Amino acid sequence: MDKTAWFVVTSCLVLLGINFWYNTQNTPPPAPPAATAAADPAATPADPTTPLGESSSAPAAPAPAVAQEIASLTSRDADNNEVARFHFQNVGGSIRSIEMLGKAINSTKPELQDNVQLNSGAGQERGIGTLLFALSESAAPQFDSTIYSVVPELTHDRQVTLEGKLNDLTIRKTYTLKPLQGEDGDSTAGNAYCLHLRVDVQNNGSLARRAQNWGIYAGAAGPISDAERTNYTYYIRLEDNKFKKESAGSFKPFFGSPTDRLYTTSAEKIGWGGVMNQYYATLLRPTGGNEVHAYYAAPLKHMAIPGKPAGETEEGVEFGVGVPEFTLAAAQNEQAGGTHTLEYDLFAGPKLNLMLNGMTKEFPKLDHIMDYGIFHLISYSMNWLINIFYRCFGNWGWAIVAMTIVVRLLIWPLYRKSYTSMKSMSLLQPKIAELREKYGNDQQRLATETMQLYRDYGVSPAGGCLPMLLQIPIFFSFFYVLQTAAEFRGAPFIAWVTDLSQMDTIATLPILGYQIPINILPIIMALSMYIQMSMTPQTGDAMQQRIMRLMPIFFFAFCYTYPSALALYWTTTNIISIIQTQIIRRLPQPELHKQAKKRSNKKGFFERMLEANQAALAEQQRRQQQQQQRK
């Protein structure tokens, strides 16, 4: 080698030597093993489940290849009917699934799941009640994979107690069915879907232990079958006494970077939190003074959904409630070390509005998970009426029909006034046509003369619109009731309508490679709406009349793929409107008479609107004249 090559080789060797010396001087000494570490409790060395990056001893035992069910609890309602069965597994000492039974509500559709299983598609390690460790936004949490076993002397038909060893910690979990009747004597039907969870953590080691960034798993949710809608899956919470919900889409916002999880320790007080889908919810409520200001949420990208072909999954969400930091004193002189207790109430059941409303004493604002939005008051009243009529008829379809009849009777005075006003408007159409022919080129004068014509004959242009405007919030209120009410799931009506929460499909028609469903109720709805509108006096110009003729088509397209309960409601509304119209036609019809002129300085809404319109037209004309002058 020449001198240059020798110089390069020598320089590399020298640099390697310097690097080796520098690393040996700056590497910290290895941490002492747990058995020889300082036993000062004030030091509170990190326990096996503190966040990554801190010193830790051996990790928890790995989970078995297949989790095993080791116990179950069956809950009954006040009539001694089985409504829910809680299945417990050895991994994590947790609830692997909750099976809905009886009236809690299963579908009669053969393509839907026979029995609803909450949390069943989350995976074997994700049982409700599992402890979460190392919670952070930078890495996935560690699920407690400790193997628990049943404590026989503390287990009976209303309680299951499981115990596991996590290194030098003993963890005991006690799940107890809540009584339907409280100490005050009041009954709470929703308690049939509730458990009380008590977690006792005891330190048996010679070192003090610190629990930091712990949590407890509240469950996962996704569509419960291939027929359920995914856009009703949320993680939810009551934060600072306000109901909040987020979907899986919140983790991949339209603006900003997507994230795999959320963990916050600075939240307002969490009253309760959990997950829900279209008809069911799973929630944890901290009790026993265990105030919580942290929660964990994440999307589940590959959640198994019953009814889908093998290998196909859906996106769901999962949620965990944070555990306040605590420290366990070390065991001394063969005496047990420090203990700490965590307590929670668990609700896992259907979204039955009246039942949830009766649980708000312990679960504040629990009825908000029905998600009625701005129509909460109307939706709640409609749901209340449907439940009353169901007790009378024993059929949810006939309950919807009876509720619709009541609503139509309540708005009967407005409907009659609307029809009378529209009839008067139709009688005025020839006179309005004359004004259009006379003042067609002067829109401002035409509007003035038209309003004067209405005043002369005492006709209100808004009179025919009020019932239609009133029906819009009623329609959307029932729409919200329908979308989240578990009562309708699997509820049959008549003949071919076997599930009010699904389309009433009787057959499918292959068109261009697609199977088009043939739904009967939306067809009946469109025909009845056309008949009802043909009986209504025609008002407005030709364009407005054409738009009104297209309304049955719009509603038919909207309702065709929605649950049959919506088409049933609107069909019933149309039929009652037809009957009411026939009754009104038999009554004395309005006649046009000029009204006596009244001296009043008070102007009506349309007069004020007309004046504003005239002022705007005058200002527009003035600007046009100024532009022409400048040109």
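Begin by selecting Leu-509, which stands opposite Ile-516 in β23. The model is predicted, so to speak of local features requires pLDDT of at least 70 and side-chain atom pairs count only at pLDDT 80 or more, while totals for chains, interfaces and linings use all residues. Residues are numbered from 1 along each chain as its sequence is written, and side-chain values rest on heavy atoms, with hydrogens and water left out.

Next, display strand β22 (residues 505-511) with strand β23 (residues 514-519): the two pair in the antiparallel sense over 6 bridges. Strands (E, at least two residues) and helices (H or I, at least four) are DSSP runs numbered from the N terminus, and two strands pair if DSSP finds at least two bridges between them. β22 and β23 form a hairpin with 2 residues between them; in the turn, Leu-512 has a positive phi of about 55°.

Move on to the open sheet of 9 strands, ordered β7-β8-β9-β10-β21-β17-β16-β13-β14 with antiparallel pairing. Because β7 (149-150) and β14 (242-247) stand at the edges with a single partner strand each, one side of each is left without a neighbour in the sheet. Within this sheet, select β16 (residues 270-276) and β17 (residues 280-287), which are joined by 4 bridges. Here Val-275 stands opposite Thr-282 in β17.

Finally, select Phe-88, Phe-347 and Leu-500, which touch the most other members of the largest nonpolar core, a set of 111 residues. Such a core consists of buried Ala, Val, Leu, Ile, Met, Phe, Trp, Tyr and Cys residues joined through side-chain atoms within 4.5 Å, where buried means under 20% relative accessible area (1.4 Å probe, protein chains only). Helix α4 (residues 396-410) supplies its largest share, 7 residues.

Notes. Buried < 20%, exposed > 50% of the residue type's maximum accessible area, 1.4 Å probe, protein only.
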